[in-house]
Amino acid sequence: MTTSTRTVPNVNAAAIATFFVFGMNGLVFASWAARIPAVTEALSLTSGQMGSLLLCTAVGSLLALPTAGWVVGRIGTANTVRTAGVVAAAAGVGIAVALMAASVPVMAVSLFFFGIGIGLWDVAQNIEGADVEHRLRRTIMPQFHAAFSGGAFVGALIGAGLSHLGVGLPEHLLVIAGIALVLALTAPRYFLPHAPVVEASDGGTDVKRGPSAWRDGRTLLIGVVVLGATLTEGAGNDWIAKAAVDGLGTSEGGGALLFALFVAGMTLMRFLGGKVIDKFGRVAVLRASMAAAAVGLVLFVLADNVVLAGAGATLWGVGAALAFPMGMSAAADDPKHAAARVSVVSTIGYVAFLAGPPLLGYLGDHTGIHNALLAIGAPILVALLLAGVAKPLPATQEK
């Protein structure tokens, strides 16, 4: 059978490296997301047309995600992050070039490869994070995702500040691409050691591992919960800034600041989330999270002033904070099948995280993007109803 083994690692060093990799991933993503209104204006696009460009990112990621577990099994999490960082940085340069040339086709191609890089990077860092969590024997995955949110918060603030100062997005992205490349190539050297895949002596391979994850009922239901839960995160990441500009008449900088409040709420809750989950359990915390996300969403959409909208965005972020990391931990409950199952859940979840926001853009052409956000209430309810599947596996069921 195909096997993958790890030697005794420096778990603390791996945890720190994983924390920084998550943070850089968030910074790269938010550097783009916080300035979507500027891209829309620079390329003279409607919300629906911008949604089509965002769909290019979704397609790239959704092509990369199903194979990410296989890639990690062959080259390890460290080399997967390195490869993904190179692809994402090159795509960032392409996005900058597209903006300088005002070229929609170049932007579409660049966003496609940006999606590939971010998708591979995300699955690899989650697999590494789950392995570190198992080694430490305590809930730490939310803190890794807090690093992502913290990086996104910094990226959003940088975006707001540079927008206020009149610094162009191309220059912004070129600097971020360079920083991302350096970190993605260096930090993974401290990851947990990963031995190459070893083939069985009879020359056979484990053809059942990948497909079996797609046939595992619990894994698929966790994926459905994550799909509903991450739609609220993805919609907030991509559309809060634009919805604030369109619905409340704020400036681009004001929209970026509301996005920063959303990310700040996520970041704070993720830093606190490990202790909360250990105390109350995954299921209870997941249900409370979805309820908070629903209330925050409604408050943001119905608010008639920036203060209430800011409170709604913050509560929305608090509610969206823990669903994805809890889904990753639940998928990785059995370490022997963690890579395949995390890849499956990530793929299902990212259908919502990446494809959902562009669809909201199309809806926004008819209702306004501000009101279109209310559509994510339905999948939030689904996640609430199915939250029980995230209950940790008994040790006897890990196989």
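1. Let's start on the outside. Val-93, Val-97, Met-100, Val-106 and Leu-174 make up a nonpolar surface patch with about 390 Å² of accessible area together. Patches here are built from residues with over 30% relative accessible area and no salt bridge, with like charges joined within 9 Å and nonpolar side chains (Val, Leu, Ile, Met, Phe, Trp, Tyr) within 5 Å. The areas come from the Shrake-Rupley method with a 1.4 Å probe, and for residues only the protein chains shown count as cover.

2. A word on the model before going further. It is a predicted one, where local features need pLDDT of at least 70 and side-chain atom pairs count only at pLDDT 80 or more, while totals for chains, interfaces and linings use all residues. Residues are numbered from 1 along each chain as its sequence is written, and side-chain values use heavy atoms, with hydrogens and water left out.

3. Which helix gives the largest share of the nonpolar patch? Helix α3 (residues 47-101) does, with three residues. Helices are DSSP runs (H or I, at least four residues; strands are E, at least two), numbered from the N terminus. Met-100 is found in helix α3, and this residue counts as exposed because its relative accessibility is 53%. The cut-offs are under 20% relative accessible area for buried and over 50% for exposed, with partly exposed in between (1.4 Å probe, protein chains only).

4. Now the charged pairs. The model has five salt bridges, each defined as a side-chain nitrogen of Lys or Arg within 4 Å of a carboxyl oxygen of Asp or Glu. One of them joins Asp-246 and Lys-242, at 2.6 Å from N to O. Asp-246 and Lys-242 are about one helical turn apart, because they sit four residues from each other in helix α8. Asp-246 is partly exposed at 41% relative accessibility, whereas Lys-242 is buried at 11%.

5. Asp-333 deserves a look of its own. Its salt bridge with Arg-218 has the closest N and O atoms 2.8 Å apart. That pair links distant parts of the chain, with Arg-218 in helix α8 (residues 217-248) and Asp-333 in the loop between α12 (323-331) and α13 (338-367), 115 residues apart. Asp-333 also meets Arg-282 in a salt bridge of 2.7 Å, N to O. Arg-282 lies in helix α10 (residues 282-302), so this pair ties together parts that are 51 residues apart in sequence. Through shared partners, Arg-218, Arg-282 and Asp-333 form one network. Asp-333 counts as buried because its relative accessibility is 8%, and Arg-282 is buried too.

6. How many of the residues of α12 are buried? Nine of its nine residues are, among them Phe-324, Pro-325 and Met-328.

7. Finally, the inside. There are four cavities of 30 Å³ or more. On a 1 Å grid over the protein atoms alone, a cavity is a set of points where a 1.4 Å probe fits but cannot get out, and lining residues have an atom within 4 Å of a point. The largest cavity holds about 100 Å³, and its lining includes Trp-32, Phe-114 and Ile-176. By class, that lining has 10 nonpolar, one polar and no charged residues.

8. The second largest cavity has a volume of about 80 Å³. Of its 11 lining residues, Asp-122, His-145, Glu-233, Phe-324 and Tyr-350 lie nearest its centre. The lining divides into five nonpolar, three polar and three charged residues.

Conventions:
1 Å grid on protein atoms, 1.4 Å probe; cavity = no way out; pocket = protein on both sides within 12 Å on 5 of 7 lines; lining within 4 Å. Points joined across faces, edges and corners; volume = space filled by probe spheres on them. Nonpolar A, V, L, I, M, F, W, Y, C, P; charged D, E, K, R; others polar.
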